[in-house]
Amino acid sequence: NIPSQTNILATYKQVDAGKKFTLALRADGTVWAWGLNEYGVIANGTVKYAQFPTQIKGLNDIVQVNAKSDFGMALDNTGKVWVWGKEYNNEEETDKSHKMDNSNAIFTSKDATPKVISDISDVKEIDGYGNTAIAVKKDGTVWYWENSKINIGNKNTVAPKQVQGLSDVKSIAM
């Protein structure tokens, strides 16, 4: 007996939908994804369309998700930001074959595997769109970064930068 989709969706505490895929956060802190799997945003090792929610391995104790671009973001309960998808491949351009070929993915495992942004911590809220992401830290400061230039695994030299002149920020939106 398959549970109804209504019952399944009732177990999520946040759902964030972009143009091509959806991320959902369950009450247990796990992240689930479905939709068009361009650039490995479903993080399941393929670029096949995911009709039903699929759990993203390696993401636990998550408190917020973001699915507004060709990348996914998640915020964990310790204030760390996790990212995966198109912009995190350390290449100038992502080859079109990484997209919808309905076969095994050609993208690197780095693209489809959530990674922590090592240069930002103590975050309380995230948002992103296009090639840019922003975060509010617990101290009320706002930080931003270009996704294609972020420092993951110390491969790049560009790190999140603080937006000057903003303090005591409670919430953000892009």
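Predicted model: local features only at pLDDT ≥ 70, side-chain atom pairs only at ≥ 80, totals over all residues.
I started at the hairpin: S1 and S2 form one, with three residues between them. Strands here, like helices, are DSSP runs numbered from the N terminus (E, at least two residues, for strands; H or I, at least four, for helices). S1 covers residues 12–17 and runs antiparallel to S2, joined by five bridges; DSSP must find at least two bridges for strands to count as a pair. Ala17 sits opposite Thr22 of S2.

Residues are numbered from 1 along each chain as its sequence is written, and side-chain values use heavy atoms, with hydrogens and water left out.

Next I took the overall view. I find two helices and twelve strands in the protein chain, in the order α-β-β-β-β-β-β-β-α-β-β-β-β-β. Of its 174 residues, 46% are buried (under 20% relative accessible area; exposed is over 50%, partly exposed in between; 1.4 Å probe, protein chains only).

Then the cores. A nonpolar core is a set of buried Ala, Val, Leu, Ile, Met, Phe, Trp, Tyr and Cys residues joined through side-chain atoms within 4.5 Å. The largest has 21 residues, and Leu23, Val31, Ile56, Leu59 and Ile62 touch the most other members. Strands S2 (21–26), S3 (31–35), S5 (62–66) and S7 (81–85) each give two or more residues to this core. Another core, apart from it, has 13 residues, including Val83, Ile120, Val123 and Ala133.

Beyond its neighbours within four places in sequence, Leu59 contacts Gly29, Thr30, Val31, Ala74, Trp82, Trp84 and Pro114 (contact: heavy atoms within 4.5 Å).

What does buried Asp76 do without a salt bridge? Asp76 lies in strand S6, residues 71–76. The nearest side chain of opposite charge, Lys80, is 5.5 Å away, while a salt bridge needs a Lys or Arg side-chain nitrogen within 4 Å of an Asp or Glu carboxyl oxygen. I do see a polar contact of 3.0 Å between the side chains of Asp76 and Trp82 (N or O atoms within 3.5 Å, one able to donate a hydrogen and the other to accept it; residues adjacent in sequence count only if both atoms are side-chain atoms).

Last stop was Leu36, in the loop between S3 and S4 (50–55). I log Leu36 as partly exposed because its relative accessibility is 22%.

Conventions: Lys, Arg positive; Asp, Glu negative; His and termini not counted.
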